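Hi,

Here is the model I promised to pass on.

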Amino acid sequence: AVKKAVDTLAIVPTRDKISVLSRKIYNVMLWHAQEQGADKATYSARLRDIIHLVEFNSNNTEVIKGYFRSMVTTRVEWQSPTKAEGTNWGVSGLIAHAELTTVRGGEVMLEWSYSPRLQPSLLDPPRYAKLSLFIMSQLRTHAAVVLYEICCRYLNVGLTARNHWTWWRPVLTGAPEGMNDTYNE
């Protein structure tokens with residue numbers, strides 16, 4: 001299970017949409033990084049291990065590169081939906097960088113890093129929700145993944161947030177406010 005900091009569950013994109021597959025890949029990368037330790041500057045994993053855990057059934061690395069580009073360029077606001085975790089606010093990309101390299105034997109490796117300000121709370125969170133990567137791999141929409149994360153937050157932490165529905169819309173859709181007038185994912 002990945003330990004996801006509760007104040008990173010309500011990711012609010014500021015410009016670009018976050019796809020369901022990007023969110024799942026992000027969580028798998030977070031799990032690999034947590035396994036490797038919070039004190040590293042960069043993290044790495046075999047690309048096939050990342051895509052296997054999200055049940056991505058394609059060998060098209062251009063599609064995968066698009067997801068990594070999106071994670072680097074998509075600005076998100078990080079804030080807790082409740083005051084119990086504090087009132088801190090921040091903005092960054094989901095990841096700081098991503099790099100694919102082919103090593104001996106043709107294995108493709110992914111290397112990535114996080115924003116130095118966010119890395120400690122992402123990799124060694126003081127308050128977190130435990131998420132099953134297996135259950136998450138079965139979910140097919142962005143809203144389903146977000147709702148699953150919120151339910152795990154409630155199960156593990158016991159706190160719920162009471163915000164106006166307009167606050168939750170970009171969180172559940174993965175789209176910045178005003179980007180879509182209709183719900184598509």
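Predicted model: local features only at pLDDT ≥ 70, side-chain atom pairs only at ≥ 80, totals over all residues.

Which residues are buried in helix H7 (residues 165-173)? They are Trp 168, Arg 169, Pro 170, Val 171 and Thr 173, where buried means under 20% relative accessible area, exposed over 50% and partly exposed in between, with a 1.4 Å probe and protein chains only. Helices (H or I, at least four residues) and strands (E, at least two) are DSSP runs numbered from the N terminus.

Residues are numbered from 1 along each chain as its sequence is written, and side-chain values use heavy atoms, with hydrogens and water left out.

Back to H7: its buried residues pack against strand E2 (11-13) and helix H6 (142-157).

Now the cores, meaning sets of buried Ala, Val, Leu, Ile, Met, Phe, Trp, Tyr and Cys residues joined through side-chain atoms within 4.5 Å. The largest nonpolar core has 41 residues, and the members touching the most others are Ile 25, Met 29, Phe 68, Met 71, Trp 112 and Tyr 114. Helix H1 (residues 20-36) supplies the largest share of this core, eight residues. A second, separate core has five residues, including Trp 168 and Val 171 as well as Ala 10 and Val 146. Beyond four places in sequence, Tyr 114 has contacts (heavy atoms within 4.5 Å) that include Tyr 26, Met 29, Tyr 43 and Leu 123.

Then there's the sheet. It is open and antiparallel, with three strands in the order E3-E7-E6; strands pair if DSSP finds at least two bridges between them. E3 (43-46) and E6 (97-102) are the edge strands, each pairing on one side only. The twist averages 20° from one strand to the next. E3 and E7 (residues 108-113) share four bridges, and Ser 44 has Glu 111 in E7 as its bridge partner. Helix H3 (residues 61-73) packs on the sheet, touching E6 and E7, and its direction makes about 155° with that of E6. Axes are lines fitted to C-alpha atoms, for helices over the stretch in contact, and angles run from 0 to 180 degrees between N-to-C directions.

Last one: Thr 42, in the loop between H1 and E3. Thr 42 counts as partly exposed because its relative accessible area is 31%. Thr 42 and Ser 113 are 71 residues apart in sequence but 4.7 Å apart in space, C-alpha to C-alpha.

Cheers
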